[in-house]
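Work through the following exercises with the sequence and the three-dimensional structure at hand, and try each task before reading its solution.

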Amino acid sequence: MNAPATFPGLELLGTAVVVLDAELRVLYVNPPAESLLEVGARQLAGQRFPDLFAQARQFDAKLRHAIAKNWGFWDQAIDLERAGLAPLHLNCLATPAEHARARLVLELRSIDQRLRIEREERSLTQAVANRELIRNLAHEIKNPLGGLRGSAQLLERELDRPDLREYTQVIIKEADRLQLLMDRLLTPHRPPHIGPVNVHEVCERVRSLILAEFPAGVRIVRDYDTSLPEIEGDREQLIQAVLNIVRNAAQASAGAGGRAGEIVLRTRIARSVTIARRRHRLALELQVIDNGPGIPPELRERVFHPLVSGREGGTGLGLTLAQTFVQHHHGSIECDSQPGRTVFGIVLPLTREAANAGLKMTPGVR
Ligand SMILES: Nc1ncnc2c1ncn2[C@@H]1O[C@H](COP(=O)(O)OP(=O)(O)OP(=O)(O)O)[C@@H](O)[C@H]1O
Ligand SMILES: [Mg+2]
């Protein structure tokens with residue numbers, strides 16, 4: 001087997017880089033390229049790069065031409081098909097090289113990834129603005145509420161006709177309901193309690209809470225990578241975030257379409273993720289997948305916005321809070337929904353120490 005060559009400087013880049021020899025064989029791939037191509041460096045070493053893709057004759061010719069003419073190129077929006085894997089949609093910058101056996105250096109940028117980063121940044125800015133607005137609004141509503149409730153109570157004592165109490169009780173109950181809503185809107189601002197958190201403990205806690213809430217309605221399948229390291233975080237906040245997502249999944253899928261609702265909790269390691277313009281070498285990914293009818297199309301772009309609900313009696317805060325808590329952990333949350341399959345993915349970066357400890361525990365992972 002060909003051992004991959006090393007190019008230490010390229011290890012540190014956030015861009016996927018592939019180095020080819022004169023025969024277009026892979027000499028080196030850096031970690032972002034491994035994760036983009038979803039193949040390990042050892043497996044790639046020595047393989048003709050264009051042969052990794054189906055129907056890549058044009059790409060092959062272009063690479064050969066670049067080597068023959070010692071000429072670079074910049075190709076935008078190329079589609080590369082791969083057997084058994086999702087197609088790649090890339091921008092590719094090829095630069096000729098003359099270093100030992102290296103003849104061509106390819107920088108690959110996934111267009112989907114760039115779009116995802118842009119979408120995430122927009123959603124982050126939006127979330128911060130929303131939070132500020134909601135917080136101010138909640139404060140403004142909360143203050144007079146106490147006065148309203150107190151006055152209704154005083155009034156009730158002065159009433160000589162008991163049948164009129166029905167009205168003061170409406171005021172008191174509605175004021176209490178609003179108070180509860182305002183408290184929910186303001187909760188994310190308590191200082192976090194940071195400590196080591198095991199994501200599977202979080203999942204198990206949520207699982208037992210949901211099974212108790214929906215005794216016959218849902219089945220929860222665990223698909224855990226148990227070698228994942230602990231993360232530094234606020235356990236209660238993470239439980240609340242995951243609970244809000246899994247509860248939505250249970251509400252949507254329990255008994256929907258006459259089938260039993262099924263929710264999968266999947267944990268995995270993720271490599272080279274960029275969150276809010278910061279690149280993290282390793283992160284932990286938790287996916288909540290349900291087989292319900294999916295998020296109504298008119299809500300899909302807005303589910304994380306506050307007070308957006310498609311559910312009778314829903315306050316539309318569950319996902320806003322989940323997003324806030326995940327962002328407190330420098331993580332990201334996104335969803336992809338179609339009828340029959342809705343996936344909410346939470347990505348939480350791992351600290352260097354946690355990542356190192358985790359790597360020692362994970363056999364076969366570099
Ligand atoms: N897994 C899912 N499948 C289908 N629709 C979903 C799913 N998750 C969320 N939704 C939709 O997104 C909306 C917003 O969810 P969110 O949790 O923010 O608010 P809610 O559930 O309506 O109210 P609550 O504040 O009580 O959680 C839901 O009302 C529902 O229409
Ligand atoms: Mg909800």
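**Exercise 1: the largest pocket**

The largest pocket holds about 1,700 Å³ of space. The structure is a predicted model, in which local features need pLDDT of at least 70 and side-chain atom pairs count only at pLDDT 80 or more, while totals for chains, interfaces and linings use all residues. Residues are numbered from 1 along each chain as its sequence is written.

Task: find which residues that line the largest pocket are the closest to its centre, and which element gives the largest share of the lining.

Solution. Begin with the term: on a 1 Å grid over the protein atoms alone, a pocket is an open set of points where a 1.4 Å probe fits, with protein on both sides within 12 Å along at least five of seven lines, and lining residues have an atom within 4 Å of a point. Of the 47 lining residues, the closest to the centre are Ser35, Leu36, Ser110, Gln113 and Arg116. Next, α5 (111-158) supplies the largest share, 9 residues.

**Exercise 2: the sheet**

Task: give the order of the 5 strands in the open sheet, and explain why β2 and β3 each have one side without a neighbour.

Solution. Strands are DSSP runs (E, at least two residues), and two of them pair if DSSP finds at least two bridges between them. The order is β2-β1-β5-β4-β3, with antiparallel pairing. Because β2 (26-29) and β3 (73-82) stand at the edges with a single partner strand each, one side of each is left without a neighbour in the sheet. Finally, β3 pairs with β4 (residues 85-99) over 7 bridges, and Arg82 stands opposite Leu85 in β4.

Note on methods. Chains lettered and ligands numbered in written order. Heavy atoms only, no water. Helix = DSSP H or I, 4+ residues; strand = E, 2+ residues; numbered from the N terminus. Points joined across faces, edges and corners; volume = space filled by probe spheres on them.
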